[in-house]
Amino acid sequence: MDFKVYNTLSRVKEKLIPIEEGKVGIYTCGPTVYNFAHIGNLRTYIFEDVLKKSLTYLGYEVKHVMNITDVGHLESDGDSGEDKMALGASREKKTVWEIARFYEEAFLKDCEKLNVETPSIISRATEHIEDMIQFIKILEEKGFTYIANGNVYFSIDKFEDYNKLANLTLEELEAGNRVEVDPYKKNPLDFVLWFTNSKFTNQIMQWESPWGKGFPGWHIECSAMSIKYLGDRIDIHCGGVDHIPVHHTNEIAQSESALGHKWVNYWMHGEFLVLNKGKMSKSSGDFLTLSRLVEEGYSPLDYRYFCLQSRYRKQLLFSFESLEEARKALKKLKNKVNNIVNNKLEDEKIDENKIYSYKEKFSSQISDDLNLPNAFTVLEEVIKEGTLNNNEKAYLIEDFDRVFSLNLLSEEETKEILMDEKWVEELIEERNIARKNKDWARGDEIREILLSNNIEIIDSKEGTTWRVK
Ligand code: AMP
Ligand code: ZN
C-alpha cells in the first residue's frame, strides 16, 4: 500500500519512497526549553508521533531524531528579540543551564503523559557545538558566508532557489522574517551562523570557535544534528507551519549549500492550534499548558483524542467546550470497548481474513496523509460490526491503538470504567428507590445525569438495564 504524504516542497500529496527500502528517517524540530511547552506545541508533537506510529504500523523501521534547543536566545534568526533563556533564568532565579534542563524534563514528561513516544535520538544543541562549527567551516570554505561586525552570516544570494519551500514573494518572506534592520546584512534575509558580537553581552553560554568566542545562530543546529544522525539525505523533516518561511527555509539553504545536493525529500508541516483570540505563543506568556488542562479535570489523553479528531494540516480551534466534547466522546468509546472486552469468550476464533480486511481499511486511511478522522470511523465500524466476534473486535482495537495510543484496552483505564459502572449501578438503584417512593422528579433527574454521560437506561418488566449510547 502506498503511503501518501503532503509535501510542502512540491505542494502535492506524494507517494513516500524511502531512500532505503523499508526504513524511514524522520527529523523533527524539538522544543526551545526556556518555558513549558504549550498545548499548541504539543499538538505538533502528537502529529509527529502519529506519523511515526503509522509508518511503524505499516511495517517501516523508523529512526526518529529530535533536537532540544537549549542554547539561549535561539528564538529569532537575528540578533534581535530578547534572550529568552536568560529571561527565564532571572525570572526563576536559576542558571540558564538549570532552566534548560528543567524545561527539557518537563517537556519529556508531558510527552510521556500524552503517549508521545521518545525519539530514537534526542540531541541537545549545547552538546553539538563542535558539529555546528565544522558545518559553518564547510560553508565558509565553499564561499557561502561573510563576516561583518564580528558575526558570521550566511549569504542567501549565493544559494539558488532560496524560496523553494515557502514559495513566497520576497516581501512576504521579509515580513515572515520579522527581522530588525541589521545594517551589517548584505541581504535582509541573510542570517547569522555564529555570533561573537551580540547585543547580549553577558552571555553565559559561550564557546570558543575559529571566529572567536560566541554562540551559534538559530538554524544551524538542526542542519548539523540531523545530518550527523540521519545522513546527508533525509526522508522526512517535520515541524509546525511557522517554521516554513524562516527556520526550514534557512535549514535548506545551509544544508544544501554544504552538501551540494538535495537534502530532505518530504517536508511535512502541522497546522496551528489556535485560540479564539488568536495565536498561542510561548513568548507572550499567554498560553495553556498540559498541566492546566489536568487541573481543569481533563486527562492528557482527552487532549490527544481531541487533536486526533482533526487533520493535521487544518488549523484546530481550541476551547474548553470542544475539549469537553472530546472527553465525552472518548469516554463513550472506552465504554464500548470495555463492553466488548468484558463480553468476549475465550473460545471465540479469530478469523485471519476478516482481521486482514479491516487492517487494510485502517491502513488505507492512515496512508492517506494520516487521515485519522477516517481511521476512527474504521474503528467505529469494527465496534458495530455484527459479523465480528468480541475476540476479533478486541484484537483489532488493540491493533489500531498502536497508532491512536489512547490506552483503549489498558487495565488502568478499564479499572476507571469499572468504577464508573459501579457508579451507574448505584444511580440506577437510587432511581429504583425514588420511583418506589413516587419521587418521580429524582427519578428523572438521575435519568438525565446518566444521559449526559451517554448512558441510556431501559425500563422493562424484568427491571432496569443500561447501555452506552
Ligand atoms: P518551539 O518550542 O517554539 O520551537 O515550538 C515547538 C514546535 O511547536 C515547533 O514545531 C513549532 O512549529 C510548533 N508550534 C508552535 N506554536 C504552535 C501552535 N500554536 N500550534 C501548533 N504547533 C505549534
Ligand atoms: Zn529545526
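Predicted model: local features only at pLDDT ≥ 70, side-chain atom pairs only at ≥ 80, totals over all residues.
Local features need pLDDT of at least 70 and side-chain atom pairs count only at pLDDT 80 or more, while totals for chains, interfaces and linings use all residues. Residues are numbered from 1 along each chain as its sequence is written, chains are lettered from A and ligands numbered from 1 in written order, and side-chain values use heavy atoms, with hydrogens and water left out.

**Exercise 1.** Work out how Phe 154 and Phe 191 are arranged as an aromatic pair.

Start with the rule: rings of Phe, Tyr and Trp (its six-membered ring) pair if their centres lie within 6.5 Å, and planes under 30 degrees apart are stacked, over 60 edge-to-face, the rest tilted. The structure has 21 such pairs. In this one, the centres are 5.1 Å apart with 15° between the planes, so call it stacked.

**Exercise 2.** Is Phe 154 buried or exposed?

Buried means under 20% relative accessible area, exposed over 50%, partly exposed in between (1.4 Å probe, protein chains only). Phe 154 comes out at 0%, so it's buried.

**Exercise 3.** Find which ring the charged end of Lys 186 sits over.

Check the cut-offs: NZ of Lys or CZ of Arg within 6 Å of the ring centre and within 35 degrees of the ring normal. The ring is that of Tyr 146, at 4.3 Å from its centre. Likewise, Arg 313 lies over the face of Tyr 6, 3.6 Å from the ring centre.
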